[in-house]
Amino acid sequence: MSKLKKLLTGLEKKYIFSSMMSPVVMIGEVVMEVIIPFIMAKIIDDGIGGNGGAGDLSFVVRYGLLMIGCACVSLLCGVLGTFCSTYGAQGFGCTLRKRIFNKIQDFSFANIDKFSTASLITRLTTDVNMAQNVYRMLIHMCVRSPFMLIAGTIMAFKINSRLAVLFLIAVPVIAIGILIISSIAHPRFERMMKKFDGLNAAIQENLIGIRIVKAYVRGEYEEEKFRKAADDVRTAQVKAEKVIIFNMPLMMLVMYVSMIAVMWFGGKQVVAGTMLSGELISFFTYVTQVLSSLMMLGMVFVSLIMVKASNKRIIEVLDEKSDITNPANPVMEVPDGSVEFDNVSFSYNKKADNCILRDINLKIKSGQLVGIIGGTGSSKTSLVSLLPRLYDVFSGSVKIGGHDVRDYDISVLRDSVAMVLQKNVLFSGTIKENLRWGNPDATDEQIKKACQAADADSFVTSFPDGYETMLGQGGVNVSGGQKQRLCIARALLKNPKILILDDSTSAVDTATETRIRTALRDIAPETTKIIIAQRISSVKEADIIFVLDEGALSGFGTHDELLAKNKIYREVFESQQQGSGDADLAGGED
């Protein structure tokens, strides 16, 4: 019951009303369906067989019209019940998707890493679809089938109690069969849903990296990988449904055996004169209704087995607690862009023996231009990810504006920190719409000024539609360098206290990079600017440069100071001066 309550939380009143109306209306349909066989028996026995076998036409007409009226009411109730159940189920599915999606928006990166993107997509689509379909079946059948079962049984016993006992034997047979099937099928459906996660992961990875796949002519390899993932899903699905398919034949077998028994013994009673032919026909109809209701209840039960795995996966997401939450009384304003790391260590899996940042101590004054440089895997990105609380520290503290970042309201903190990541992401829509992610209320003049600072205005205005140019998904119709500059402009529109450029000028030439750095000093003099780079030329003019080496702070100072005292920095500078390009930083000592 608690799990059902979790799934139904937040359902709007109109959907609750529709969900409640569906079973109520279906009762009307059942009442009419139960009355119709009774009327039919009257027509046969009293109308056609009345007056000593001569028949009573007026009786037949009256009861025939009554039967037609009942059929029309039954049809109307059925249509209305189906509409209400479909409307309620669609609302349930929509509400559940919104709740899961909103929950994911509150997740930290660690929460998302726990589930994986592909698994979250499966839960939002396949799992919710299954839950929605079963919800519709429940509100449509949860009252109709039991009510029909009870009403049909009562009417059958009223006509002939001895004959009614025959088909009641079918009930425990079907119940035992369903219980056996469910115990075997449930774990198989859980495994099937995990295979769906793997299939979605293969699709997502391939579509995101389609250009790399084509560049390296790896189409056949990817096809084989997808074929294996799809085959795994097929195999798991076959194993699960191989058990479920026994459900329908079992119920049909029991149903037909019961019908044959009724026809055999009922026919004998008609011949013996202890039962009228009309009574046998109506009894047979009631038996069919009862057994059909049993079959529908069996199908509902099987559907509950199938959806149990999906419900469990949905509730896992809804019950997940975000690693990062607001404090009880959060600080609602960031005073300035000063930064302090006080003995900070960080681990993705929150284990002391697996820290990728160790004992980091550094201070940055508000408004400074800061460079961070280090070899591949030295945890530069992890370091700056602690500033907007994309992750929390394992030990120590990170302070912005004199306050621990954990004391701020999360929205306030992240509004004050703008990040341009290594992987630049643009969304479907116009260039202007993408830029306004930084500030939804930005004027055209502010947008143009930010683009000029990011050296993006010239290429944007060269497009026929300028700032109204439509971007494809992920910004596929602009180059890597153009995408980087648009992302920088978007970050500048936030007017942040801290601007982080994580290797975000790697796709532009050095002249363009120089213009961007110069413009950043002019347009945002009070903003703390943190530049992560591989090229020494990108950070040499910084007020202070921090050198990371395998998660530890190797040294800090100005360009000249580091050349004089830091071996790692000096080796990289000399290698780049000799024309070896953006060499990765090697390990070393001061």
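We'll take the overall build, then a helix, then a charged patch.

A quick heads-up: this is a predicted model, with local features needing pLDDT of at least 70 and side-chain atom pairs counted only at pLDDT 80 or more, while totals for chains, interfaces and linings use all residues. Residues are numbered from 1 along each chain as its sequence is written, and side-chain values use heavy atoms, leaving out hydrogens and water.

**Whole protein.** Show it as a cartoon: there are 22 helices and twelve strands (DSSP runs, H or I of at least four residues for helices, E of at least two for strands, numbered from the N terminus). The radius of gyration is 35 Å, well over the 25 Å that the globule rule gives for 590 residues, so the protein is more spread out than a compact globule (C-alpha atoms; the rule is 2.2 Å times the number of residues to the power 0.38). Along the principal axes, the C-alpha atoms fill a box of roughly 120 × 55 × 50 Å.

**Helix 3.** Select residues 57-105 and pick out Gly69. Gly69 counts as partly exposed because its relative accessibility is 31% (buried is under 20%, exposed over 50%, partly exposed in between, with a 1.4 Å probe and protein chains only). Now draw a C-alpha to C-alpha distance from Gly69 to Gly91: 22 residues apart in sequence, 33 Å apart in space.

**Helices 8 and 10.** Select 170-208 and 219-244; each supplies at least two residues of a positive patch. Which residues gather there? They are Arg191, Lys194, Lys195, Lys239 and Lys242, on the surface (patch members have over 30% relative accessible area and no salt bridge, with like charges joined within 9 Å; a salt bridge puts a Lys or Arg side-chain nitrogen within 4 Å of an Asp or Glu carboxyl oxygen). Helix 8 gives the most, three residues. Finish on Arg191 in helix 8, partly exposed at 48% relative accessibility.

Conventions
Patch = residues over 30% accessible without salt bridge, like charges linked within 9 Å, V, L, I, M, F, W, Y side chains within 5 Å. Areas by Shrake-Rupley, 256 points an atom, 1.4 Å probe, with all protein chains shown as cover. Lys, Arg positive; Asp, Glu negative; His and termini not counted. Charge placed at Lys NZ, Arg CZ, Asp CG, Glu CD.
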